[in-house]
Amino acid sequence: MSSEEQLSAIKGAKVLMVGAGGIGCELLKTLALSGFQDIHIIDMDTIEVSNLNRQFLFRQSHVGQSKAKVARDAVLRFRPNISITPYHANVKESGFNVDFYKEFDVVLNGLDNLDARRHVNRLCLAADVPLVESGTTGFLGQVTVHLKGKTECYECQPKPAPKTYPVCTITSTPSKFVHCIVWAKDLLFAKLFGDKNLENDLNVRSSDATNLSEHSEDVFECRKGKDIEQYGRRIYDHVFGHNIEVALSNEETWKNRNRPRPIYSKDVFPDKLTKENGKTEKGSATDDVSAMASLGLKNPQDIWSLAENSRVFYESLRLFFLKRQKEIGNLTFDKDDQLAVEFVTAAANIRASSFGIPLHSLFEAKGIAGNIVHAVATTNAIIAGLIVIEAIKVLKKDSNSYRMTYCLEHPSKKLLLMPVEPYEPNKSCYVCSEALSELPSPVISGTVLTIEDLQQEFSCRINIKHREEFDEEREPDGMLLSGWVEAPVDKNNNKSIGNGESTSSALSMEEIQEGEKDVEIQETSESAENVTGKKRKLSEVSKGTIPDHSGLPDESSRNQNQLEKLDVDDEDDELIISNDWESLTKKKRL
Amino acid sequence: MNGEELTEQETALYDRQIRVWGADAQRRLSKSHILVYGMKGTVAEFCKNIVLAGVGSVTLVDDREVTEEALSANFLILPDENLYHGKTLAEVCCDSLKEFNPMVHVSVEKGDISTFGVEFFGKFDAVVISCCSLAKKKLINQKRQKLPKRVAFYMVDCRGCCGEIFVDLKDYKYSKKKLEETVECQLEFPSFEDTISVPWKALPKRVSKLYFAMRVIEQFEDAEGRNPGETSIADLPGVLKLRKELCETNSVNESQIPDALLERLLIGTSEYPPVCAIIGGILGQEVIKAISGKGDPLKNFFFFDAMDGKGLIEDISEPKPVS
């Protein structure tokens, strides 16, 4: 690396950082020290206490403030003469469009979720800006480089989807602690404290689809003036006792499984609770309403007994009604809500106890319920250093030296930091490749394809309907497009595409966006009568050859894009789009 | 500093890292004392990491003045002359480090570390040195060898795109997770002097070239009476001559230590911030592991070269006698 070349490449570079958290703080610091002078940084979060163990640009006094802004201020202290532009905003906002990205020489991600990463990936492809991606968990981390056309894009390799569980496992046959947590959080907590209008599977039986009798619904009604303890016992007995008995009544379910045991409050607490819960009214009006504090349970790492869990259950329930009455009906689980975490831990543990699943501490339960990612400063620092090294290579266009680097916890062949050459783009990647040769999921009757065109901010949903027959004369291509209308303004524009020019000047953005409307495609064939009813002139749909097997617009535009406007029935859904058919399918081109 | 349990404040602050190494390890960290010598950029990174991790105390030693060069790779030094005038590097860094974690006791020890007695080193659980001449490295390592108590010893240096870490944990007992179980392990580390005395010919052929290159530069500086890092491209002929001698003595081919590599190390006397971050991070992890007694330690050298992007571990020790 010639240092002259390097220095000048760095000095003149305009860099976008997405994320000012664990990786972001380390990255901003290292970029500044390395001589970068124009850095933009987007982050929508505010600072929390649990960030401070690694996001070292932040202090206790900054809790609640914007990460992007505080990070900027902190770095300017040791590099006062550089330019750092913070955006306290969601990277998915429309203002961060393709033109915005085009201003930058390289984009550096320090994100913590797949959704945002995908979004940035697509915009970088649309803007043709290099992207350096990264991620860390505990002692593991990696840095990857993405250049349109030269390397894989971020989505060329499928990314694992977040784990979901079958409903019946959660409602009836849990076998792991996480199932109990999901039950406690998404069912019980939601039922008791969340929006009552939302559907809730708490009382659904796995054996049949019918809900339990209305009697059950009454159980959850908390009548004003009623004794909270009674209410608590009633809920407890219902979900841990009654519901389990009902489930047990279905022999089939338990043929090959361990039977759960119902737990009733009288078995755990024969006497009145207030005696056992001791100092209940103490410490009123404290900010931190906590069942643990109220019960004298000090250590979140302790695993409570069934009795202790039950006490926490009652006490947290009681405290919600006593101190946070107003919020009830609007609450969603928040891992930073101590009382909610206590309730969910207790409920999950009691259920676990019932099903013979090992109990967990509040600390562990919180991690599972809150999907907490364990994190340390050192891994983030290492990854940040690697990101900057890649970024500099990108700026120098030193393409032979680009590497994906993996930071391992245990060495592999002596290597703790393992560089690997980037792969070529995946030709069937539906995000970055030219042609859509494989769709992401099976396309069958009833499939809805959602297409986004980030470059022109169009989107379109295509409903696929299977049809057995098509008229050979009128619909030689075996497909039918219905539901789109020509742009109302520019009547003279009969031309179809081909020139690739967007005619979006004929349309307002609102029209397009409000019409995330559905275009119907009928593939294969159906009886002729149905077709005539639609008044569709199929010869006008496509002049090009459309492959027989697919009949999807993506495929058609690959071949030829001479599509003309259609006459559409008034009764059909109207989608106002431009005549530029190609723009509809631009997603794959990017 | 604390009782047996972690305080509520500690649990809240350290939540995310306790999920990595456990509450027990966190407790041990909070009782540990680290000595750090040579406040360059890499060491600044390392200090930031262990302060954030929540060690009990960090003692800094570096009486040098703040210079332009120091400012370039050390983010602990704010470029305000009013702030650093009259203060040593250690003092300036100390002020900044304290801010990262008020629960960690950060302080400065003044004086020439070569004169500190053995008992001084005994106050610490880990000693990290940088910017040391060959003589100083040996001296400090020896002093700490004499201690009955086990004190972890680390040596770190970064030159341009390259970085090196040396680890000496003496007789080290630790535990690690193997599948679902916890396994007890033991390792014996050679001292620094013993390590560099291992004949080059006895080492596996594929040992990192950086190891040899750093030893050549180290000996060159020693022979010429230079301060660590006080070299330039003008020294290349002298260095190549020394390489020739060393290779002859050790019966190895000179190609083991490429010219280009030596050149880079001679020129790159200032630190490269991304490498500081990487080396400081690896070193931080090692010290945390050693204090907590959990996880395989790095034995006994780590090398990183930004040119090829590899971070690798080399075990430079006496080959075991063939039975």
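This is a predicted model: local features need pLDDT of at least 70, side-chain atom pairs count only at pLDDT 80 or more; totals for chains, interfaces and linings use all residues.

Q: Which residues does L147(A) touch, not counting residues up to four places away in sequence?
A: Contact means heavy atoms within 4.5 Å. With residues up to four places away in sequence left out, L147(A) touches P130(A), V394(A) and Y402(A).

Q: How far apart in space are L147(A) and G446(A), C-alpha to C-alpha?
A: In sequence, 299 residues separate L147(A) and G446(A). In space, C-alpha to C-alpha, the distance is 36 Å.

Q: What kind of aromatic pair do Y87(A) and F96(A) form?
A: The structure holds 38 aromatic pairs over all chains. In the pair of Y87(A) and F96(A), the ring centres are 5.5 Å apart and the planes stand at 90 degrees. Planes over 60 degrees apart count as edge-to-face. The pair of Y87(A) and F96(A) is therefore edge-to-face.

Q: Which residue of that pair counts as buried?
A: Y87(A) has 21% relative accessibility, so Y87(A) counts as partly exposed. F96(A) has 8% relative accessibility. The residue that counts as buried is therefore F96(A).

Q: What kind of pair do Y231(A) and F321(A) form?
A: Their ring centres lie 5.3 Å apart. Their planes are at 80 degrees, so the pair is edge-to-face.

Q: How many residues apart in sequence are the parts that Y231(A) and F321(A) tie together?
A: Both Y231(A) and F321(A) are buried. Y231(A) lies in helix α9 (residues 228–248) of chain A, and F321(A) in helix α13 (residues 306–323) of chain A. The pair therefore ties together parts whose separation in sequence is 90 residues.

Q: Over which ring does the charged end of R19(B) sit?
A: In chain A, the charged end of K14(A) sits over the ring of F104(A), 5.3 Å from its centre. The charged end of R19(B) is 4.0 Å from the centre of its ring, which belongs to F363(A).

Q: How far apart are the end C-alpha atoms of residues 326–366 of chain A?
A: UniProt, in an unreviewed entry, lists these residues as "domain: Ubiquitin-activating enzyme SCCH". The chain there is 54% helix and 0% strand. The end C-alpha atoms are apart by 24 Å.

Q: Which elements do the buried residues of α6(B) pack against?
A: Helix α6 (residues 89–100) of chain B has 12 residues and reaches 17 Å from its first C-alpha to its last, close to the 16 Å expected. Its buried residues include L89(B), V92(B), L97(B) and F100(B). In chain B, the buried residues of α6(B) pack against α3, β2, α4, α5 and β3.

Q: What is omega near for the peptide bond from K299(B) to N300(B)?
A: N300(B) is in the loop between α13 (273–292) and β9 (301–305) of chain B. The bond from K299(B) to N300(B) is cis. Its omega is near -15 degrees.

Q: What is phi of C131(B) near?
A: C131(B) is in the loop between β4 (126–129) and α8 (134–145) of chain B. At 13% relative accessibility, C131(B) counts as buried. Phi is positive in this residue other than glycine, near 55 degrees.

Notes: Residues are numbered from 1 along each chain as its sequence is written. Chains are lettered from A and ligands numbered from 1 in the order in which they are written. Side-chain values use heavy atoms; hydrogens and water are left out. Rings of Phe, Tyr and Trp (its six-membered ring) pair if their centres lie within 6.5 Å; planes under 30 degrees apart count as stacked, over 60 as edge-to-face and the rest as tilted. Buried means under 20% relative accessible area, exposed over 50%, partly exposed in between (1.4 Å probe, protein chains only). Helices (H or I, at least four residues) and strands (E, at least two) are DSSP runs, numbered from the N terminus. A charge sits over a ring if NZ of Lys or CZ of Arg is within 6 Å of the ring centre and within 35 degrees of the ring normal. UniProt positions are given in the numbering used here, feature names are shortened, and annotations may be inferred rather than shown by experiment. The expected span of a helix is 1.5 Å times one less than its number of residues.
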